[in-house]
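Here are my notes on the model you sent. They are set out as numbered points, to be read alongside the coordinates.

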Amino acid sequence: MMKVITLGDTRLLQRAAVIADVDRLVYDLSQAMIETMHVENGIGLAGPQVGELKRIFVCHVSGDIPRVFINPEIIQTSQELATMEEGCLSIPGIYADVVRPAAITVQAWSEKGRPFRIDAEGSLARVIQHEIDHLNGVLFFDHLSERKRERLTKLYWKRTEDKFGSYSQALRR
Ligand code: NI
């Protein structure tokens, strides 16, 4: 079980590195990430979120199988846009409507090093775009208006303080 890092950790803002070789370590990482995603009740998890600044993410949307994407690239996006509510394991408790292309075509390598291409729409297209953003240091907040992003950021920090406030008080004594 890996630790999921949260807002405030600068690793979430960095660009992740290309994986040159899908070896045993990368395979093991993908399996550990799937397990962590399931334990955390997430539908997607990207390398940087577990402190691995590598271009890998996993996802598992309802009605689908768990999937691994290594060095993913979006090669086509639909003109049609869709609005869906997003959340993030790295910004727990915060949700917002985000507008993105409704359908995409992605190519990537599997956890066994095999290249593949997939057409995705609906929640799968959504989670893939959200996770690829993580590989580029982008959070779903960054798609919102500045005003909305600031409001949600303040809300997040207020809640975090409320949660840990009594603990830090105890430490101070
Ligand atoms: Ni996320």
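1. Model and fold. This is a predicted model. The protein chain contains three helices and seven strands, and their order along the sequence is α-β-β-β-β-β-β-β-α-α.

2. Overall dimensions. The C-alpha trace spans about 55 × 40 × 30 Å along its principal axes.

3. Burial and contacts. Of the 173 residues, 40% count as buried. Among contacts between residues at least 6 apart in sequence, 65% join residues at least 24 apart. The accessible surface comes to about 10000 Å², and carbon and sulfur atoms account for 50% of that surface.

4. Charge. The protein chain carries 22 positive and 23 negative side chains. The centres of the two sets lie 6 Å apart.

5. Asp28 and Arg24 meet through their side chains, at 3.3 Å from N to O. The two residues are separated by about one helical turn, because they are four residues apart in helix H1 (residues 24-39). Asp28 is partly exposed, at 34% relative accessible area, whereas Arg24 is exposed, at 59%.

6. Arg100 and Glu86. These side chains form a salt bridge with an N to O distance of 2.7 Å. The pair links distant parts of the chain, with Arg100 in strand S5 and Glu86 in strand S4 (residues 81-86), 14 residues apart. Arg100 counts as buried, since its relative accessibility of 4% is under the 20% cut-off. Glu86 is buried too, with a relative accessible area of 4%.

7. Arg100 and Asp133. Arg100 also forms a salt bridge with Asp133, the closest N and O atoms being 2.9 Å apart. Here strand S5 is linked to helix H2 (residues 122-135), and the partners are 33 residues apart. Asp133 counts as buried at 13% relative accessibility. Shared partners join Glu86, Arg100, Arg126 and Asp133 into one network of salt bridges.

8. Val99. This residue is found in strand S5 (residues 96-101). Val99 is partly exposed, with a relative accessible area of 48%. Leaving aside residues up to four places away in sequence, Val99 touches Leu81, Ala82, Thr83 and Arg126. Arg126 is also a member of the salt-bridge network. The C-alpha atoms of Val99 and Leu29 are separated by 31 Å, the two residues being 70 apart along the chain.

Technical notes: Residues numbered from 1 in each chain as written. Predicted model: local features only at pLDDT ≥ 70, side-chain atom pairs only at ≥ 80, totals over all residues. Heavy atoms only, no water. Buried < 20%, exposed > 50% of the residue type's maximum accessible area, 1.4 Å probe, protein only. Contact = heavy atoms within 4.5 Å. Areas by Shrake-Rupley, 256 points an atom, 1.4 Å probe, with all protein chains shown as cover. Lys, Arg positive; Asp, Glu negative; His and termini not counted. Charge placed at Lys NZ, Arg CZ, Asp CG, Glu CD. Salt bridge = Lys/Arg side-chain N within 4 Å of Asp/Glu carboxyl O.
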